[in-house]
Structure formats: C-alpha cells, structure tokens
Amino acid sequence: MGEVVETLEGHRMSVAAPLVFIVVVVLQFVSRGLQQLKKRGVKTATANRLRGEIKDLLKGASSLSQPSTFAQAAKLRRMAAVKEKELANYQELHGKERKLSYELYLKVLFISKVLTYLVLIWWFWRVPVASISQELVQPFGKVLSCRAGGILNENVMVGIIPWLILSTRVSKFVCRLFKFKELK
C-alpha cells in the first residue's frame, strides 16, 4: 500500500508542473485578449458604413480640383465633416457601454484568477511541484523549495508559490511574443 501512495505522489508531482503552467498561460491569454479587445474596441457595421461614406466624400472632393468645381468640392467636404461628427457621436455612445462590459469581464476574470491561484496553493501546499537539479539553481535552491521539502537526492524540490510566480512571468512573456491579430 505504501508503494501505491508513493507512486501516486510521484505521478502527481510529474504532472503538476506542466498542469499549473498550462492553467496560468490560459488565464494570461484570456486576460490579454480581453484587454486588447477593450483597448481596440469592436468595429460595427454602422461605424464601418460611416467611415466608407466619409472616405468616398473626401475622395470625391479631392477629384474636384478645378476652379469651376470649387463649390461642389466644398459642399462634399462639409458633408464629410458632418459624417465625421456623426461617427464621433456614435463611437462615444457605444464606446462607454462596451468599456463597461469589458471592465466587468476583466473583474470576473481577475477574481477567477485569484481563486484558481488560491486553490492551486491549497492543493499543492507542502507538496513539491517539480524537482530541479541542485547545480542548476545553486544560489536559489532554498527560495525555490519554499515549504516543499528542500533537497532530495541532489534535486531541489520546487514549491507551488515560486512555481506560480515563475509561470506567471513566463506566460506574460509568451503573451507579448504572440500579438493578437485584429478581429474583423
């Protein structure tokens, strides 16, 4: 029976590090995606239509460059200015509503992230998440083995708190490497 417990404990430890890392990376990607959407906003059909009309009006005005067509060009420019004001008003009205909804999603995500971290800390408290050769982490061995058992068979047992900190930093770096494509 003792062998089964040791085997289960060893299996739990071997899967724990990648599992915790994947959970942290997924949470980081979702958070980064929501922040990008909040910053960029979603383009609506009405806003796209208004932008197209403004572009067409300005293109028409620039093609009318003769002195005889000056009045027509000025009229097109004034119509484009009115459309730009209409677009600005539309974006202001719908922008506030969207930002509030993204704020709510970000708050819910933050709370779920904190709860996930607390559950992981509770689950892996005093249990090593990973083991790393002592020579690789020579000056930092005690810090990495925080409440996880210290050194065993020339390996430093890594605790959950240092592993979460390391996973969070690496996942933020990975998110910066993979820039989110613009949504259409």
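Reader: Why is Arg49 called partly exposed?

Author: This is a predicted model. Arg49 has a relative accessible area of 42%. Buried means under 20% and exposed means over 50%, with partly exposed in between, so Arg49 counts as partly exposed.

Reader: What makes the contact of Glu53 and Arg49 a salt bridge?

Author: The term requires a side-chain nitrogen of Lys or Arg within 4 Å of a carboxyl oxygen of Asp or Glu. The N to O distance between the side chains of Glu53 and Arg49 is 2.9 Å, and therefore the pair qualifies.

Reader: How do you know that Glu53 and Arg49 are separated by about one helical turn?

Author: Both belong to helix α2, which covers residues 45–63, and they are 4 residues apart there; this is why the separation is about one turn.

Reader: With which other residue does Glu53 form a salt bridge, and what parts of the chain does the pair link?

Author: Glu53 also pairs with Lys83, their closest N and O atoms being 2.8 Å apart. This pair links distant parts of the chain, as Glu53 lies in helix α2 and Lys83 in helix α3, 30 residues apart. Through shared partners, Arg49, Glu53 and Lys83 are joined into one network. The structure holds 2 salt bridges.

Reader: Are Glu53 and Lys83 buried, partly exposed or exposed?

Author: Glu53 has a relative accessibility of 25%, so Glu53 counts as partly exposed. For Lys83 the value is 23%, so Lys83 is also partly exposed.

Reader: How do you know that the length of α3 agrees with what a helix should span?

Author: At 1.5 Å a residue, the 54 residues of α3 should span 80 Å; the end C-alpha atoms are 75 Å apart, which agrees. The helix has a kink of about 25°, centred on Gly95. Gly95 is one of the buried residues of α3, and others include Tyr90, Tyr102 and Lys113.

Reader: Which residues does the UniProt record annotate as "transmembrane region"?

Author: The unreviewed UniProt entry gives this annotation to residues 12–30 and 104–125. In the model, residues 104–125 are 91% helix and 0% strand, with end C-alpha atoms 31 Å apart.

Key: Residues numbered from 1 in each chain as written. Predicted model: local features only at pLDDT ≥ 70, side-chain atom pairs only at ≥ 80, totals over all residues. Heavy atoms only, no water. UniProt positions renumbered as here; feature names shortened; annotations may be inferred. Helix = DSSP H or I, 4+ residues; strand = E, 2+ residues; numbered from the N terminus. Expected span 1.5 Å × (residues − 1). Bend = angle between axes of the 7 residues up to and from the residue. Buried < 20%, exposed > 50% of the residue type's maximum accessible area, 1.4 Å probe, protein only.
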